[in-house]
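Here is a briefing on one protein structure. Look through the sequence and the model before reading the points below.

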Amino acid sequence: MDTAKVEAIITKHNGDATALLAIMQDIQAEENYLPRDAVEHVAKKLGIPISRIYSMATFFESFHLEPRGKHICTVCMGTACHVRGAQRLVEQLERDLKVMSGGTSEDGLFTLEEVNCVGACALGPLVIIDGKYHGNTTSAKISKVVTGMQKEEGGK
Amino acid sequence: MTVEITINGVKAKAEKGESLLEVIRKYGFDVPSLCHHHAVEPCGSCRVCLVSVTDNGRTKLAASCNYKVREGLDITTDSEEIRRNRAMVLELMLAESNAPAIQKLAAEYGVTSSRFETEESKALAAERDGCILCGLCVRVCEEVVEVAALNFKGRGDKRDVGTPYQETPQNCIACGACAYVCPTDCIGFVEENGVRKLKKWNRELPILKDDAGRPVGPQFQLFYFTQKAGLPADFYKKGGGPAR
Ligand code: SF4
Ligand code: SF4
Ligand code: FES
Ligand code: FES
């Protein structure tokens, strides 16, 4: 990750070590994961041991230490979504994106993940793509969305 | 500020805010502990140090290591109820640890097998090699050695203790403090053929010999000392340091 970007994030939080969590979130928002060089830079800049940042990054499910795709596709597998067929959505997306749930497609474009309830059960089944909520969805509808995105990426 | 408390009927004096466990021990009473060491901040993770505390007329069982002493506490360190609760804590621990030290302490409380043992817990115990995730190694390395090579990883049943990115910690000075405080003796501190090893962290450092051919300590550790104390780089090589 570009050092200048990391620096800008640290400066935004006034170089405050107690803002570590927010800094980590901002880095992940930029890169979709926590690049190691960024972690090391933050540690050095804030005078925090890398061991502590690593510990925090592995404690919270929402942090990722491995690179993820350009687009993040999250299927809700909470109870309400599950009983409304979320499993079929996962299988459909696995086929469309050519990646197993939990992984990133070979071209680095899509990461497919599962989550247990995002608190919008009335909208189930639910898929979140790059922060956009696709509620009351079906295999056909969600397939259309991602294949559309794939075309757009391919057309560039 | 000095406060007065009662331990098993004996009047005791202590500093306000002191660790209750430390005070109990100072007065000669025996309370088991696994995750506590006087050199580091208490964290109360193992729960075997529990005692009965009466504060303002209310009685409860509490971990004593991270209980801050205050005026008027009335403490009981041994009773049927206390022993039963410590036994339960140890039975739970025994399901996930095969360390001889845990087996021994559990046996003292009449626990020789665990009702909580499953295939999964056995696999976990084997994987952790006895470690009870007490975090003493983490705290001593950060607070005393000031290297902070270690920390926890993950959470829940995936929680583990180790080094960042599970790699050999390049900042570890192989001082052995972590192995010294570890209650389960699972870190694996050995010295052989002029090399000091910490097996759990996969760290190996060659031992420096001084000009007279006497082994002094791991080279990188001595480098760390000379840097910290502002000594000449060849201080130990030239025979400096404590008499050998
Ligand atoms: S041996 Fe290494 S990991 Fe253990 S306390 Fe010393 S510096 Fe820390
Ligand atoms: S290695 Fe030892 S000191 Fe460290 S957490 Fe495990 S049992 Fe505790
Ligand atoms: S189960 Fe999907 S939002 Fe609650
Ligand atoms: S020694 Fe007090 S909780 Fe572990």
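Val190(B) has Lys197(B), in E9(B), as its bridge partner. The model is predicted: local features need pLDDT of at least 70, side-chain atom pairs count only at pLDDT 80 or more, and totals for chains, interfaces and linings use all residues. Residues are numbered from 1 along each chain as its sequence is written, chains are lettered from A and ligands numbered from 1 in the order in which they are written, and side-chain values use heavy atoms, leaving out hydrogens and water.

**The hairpin in chain B**

- Strand E8 (residues 189-192) and strand E9 (residues 195-198) of chain B run antiparallel and are joined by four bridges.
- Strands are DSSP runs of at least two residues, numbered from the N terminus, and two of them pair if DSSP finds at least two bridges between them.
- Two residues lie between the strands of this hairpin, where Asn193(B) takes a positive phi near 50°.

**Chain B against chain A**

- Chain B brings 14 residues to the contact and chain A brings 13 residues, where contact means heavy atoms within 4.5 Å.
- About 1200 Å² is buried between chain B and chain A, and carbon and sulfur atoms give 52% of that area.
- Buried area is the accessible area (1.4 Å probe) that two parts lose on being put together, summed over both.
- Two salt bridges are found across this interface, each being a side-chain nitrogen of Lys or Arg within 4 Å of a carboxyl oxygen of Asp or Glu.
- Arg52(A) and Glu142(B) form a salt bridge in which the closest N and O atoms are 2.4 Å apart.
- On the side of chain B that touches chain A, strand E6 (residues 151-153) of chain B gives the most, with three residues.
- That side of chain B has six nonpolar, four polar and four charged residues; Ala, Val, Leu, Ile, Met, Phe, Trp, Tyr, Cys and Pro count as nonpolar, Asp, Glu, Lys and Arg as charged, and the others, Gly among them, as polar.

**Domains within chain B**

- Chain B is divided into domain 1 (2-78), domain 2 (82-128) and domain 3 (136-229), with bounds from an automatic or database domain assignment.
- The centres of domain 1 and domain 3 of chain B, taken over C-alpha atoms, are 31 Å apart.
- Between them, domain 1 and domain 3 of chain B bury about 650 Å², with 64% of it on carbon and sulfur atoms.
- Leu34(B), His37(B) and Val40(B) supply 60% of the area that domain 1 of chain B buries against domain 3 of chain B, more than any other three residues.
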